[in-house]
Amino acid sequence: MSDKFSEREKSFEKKFVRDEELQFKVQARSNKYIAEFVSQKLNKSEEEKKKYVQEVIKADMEESGTEDVFRKIKKDFQIASVSIEDSEIRDQMEKALIRAKEDFK
């Protein structure tokens with residue numbers, strides 16, 4: 001009986017690890033997509049865009065959730081004197097997340 005329980009427990013642990021890895025990959029891809037959107041709006045070169053993608057991914061490591069990414073993007077638009085509504089940023093972040101999820105189906 002305990003062998004079955006142990007096997008089941010290991011199975012749940014493996015599933016949890018796979019789910020967490022997938023969630024990390026989806027969020028990283030989502031960050032890439034939103035960074036590409038911002039880069040386009042800010043007229044960044046291809047090289048600048050690559051660096052910016054890494055900056056956004058790094059910003060996402062500050063805290064759980066997406067508010068850290070939102071704040072970074074909003075600040076970057078403000079620094080560049082680009083006027084954009086918070087709702088548009090959030091909408092684009094949601095679209096990026098949906099697109100990323102589709103990539104991993």
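Start by selecting Glu88, and show whatever lies around it: Glu88 touches Phe37 and Lys41, leaving aside residues up to four places away in sequence. Keep in mind as you click around that this is a predicted model. Glu88 sits in helix H4. Is Glu88 buried, partly exposed or exposed? Its relative accessibility is 31%, so Glu88 counts as partly exposed.

Once you skip residues up to four places away in sequence, Ile89 touches Ile34, Phe70, Ile73, Lys74, Phe77 and Ile84.

Now for the core. The largest nonpolar core has 19 residues, and Ile34, Val38, Ile73, Phe77 and Ile89 are the ones with the most contacts inside it. H1 gives the most, with six residues. As background, nonpolar side chains in soluble globular proteins tend to be buried together.

Pick Val38 next, which you'll find in helix H1. Val38 has a relative accessible area of 0%, so it counts as buried. Leaving out residues up to four places away in sequence, Val38 touches Tyr52, Ile73 and Phe77. Try the distance tool on Val38 and Ile73: they are 35 residues apart in sequence, yet 7.3 Å apart in space, C-alpha to C-alpha.

Time to look at whole helices. Show helix H3 (residues 67-79) together with helix H4 (residues 86-103); they pack at an angle of about 130°, and their axes are 11 Å apart. That angle is why H3 counts as oblique to H4. The crossing of H3 and H4 is right-handed. What kinds of residues make up the contact of H3 with H4? Sorted by class, there are six nonpolar, no polar and four charged residues.

On H2, the contact comes from Tyr52, Glu55, Val56 and Ala59; on H3, it comes from Asp68, Val69, Lys72, Ile73 and Asp76. By class, the contact of H2 with H3 has five nonpolar, no polar and four charged residues.

Zoom in on Lys72, which lies in helix H3. Buried or exposed? Lys72 counts as buried, because its relative accessibility is 17% and the cut-off for buried is under 20%. Ignoring residues up to four places away in sequence, Lys72 touches Tyr52, Glu55, Val56 and Ala59.

Finish with the loops. Select Asn43, in the loop between H1 and H2. Asn43 has a positive phi of about 55° although it is not a glycine. With a relative accessible area of 66%, Asn43 counts as exposed. Then jump to the loop between H3 and H4, where you'll find Ser81. What is the phi of Ser81? It is positive, at about 55°, although Ser81 is not a glycine. Ser81 has 67% relative accessibility, so it counts as exposed.

Key
Residues are numbered from 1 along each chain as its sequence is written. This is a predicted model: local features need pLDDT of at least 70, side-chain atom pairs count only at pLDDT 80 or more; totals for chains, interfaces and linings use all residues. Side-chain values use heavy atoms; hydrogens and water are left out. Axes are lines fitted to C-alpha atoms, for helices over the stretch in contact, and angles run from 0 to 180 degrees between N-to-C directions. Helices (H or I, at least four residues) and strands (E, at least two) are DSSP runs, numbered from the N terminus. Angles under 35 degrees count as roughly parallel, over 145 as roughly antiparallel, 65 to 115 as roughly perpendicular and the rest as oblique. A crossing is left-handed if the near helix is turned anticlockwise from the far one by less than a right angle, and right-handed if clockwise. Ala, Val, Leu, Ile, Met, Phe, Trp, Tyr, Cys and Pro count as nonpolar, Asp, Glu, Lys and Arg as charged, and the others, Gly among them, as polar. Buried means under 20% relative accessible area, exposed over 50%, partly exposed in between (1.4 Å probe, protein chains only). Contact means heavy atoms within 4.5 Å. A nonpolar core is a set of buried Ala, Val, Leu, Ile, Met, Phe, Trp, Tyr and Cys residues joined through side-chain atoms within 4.5 Å.
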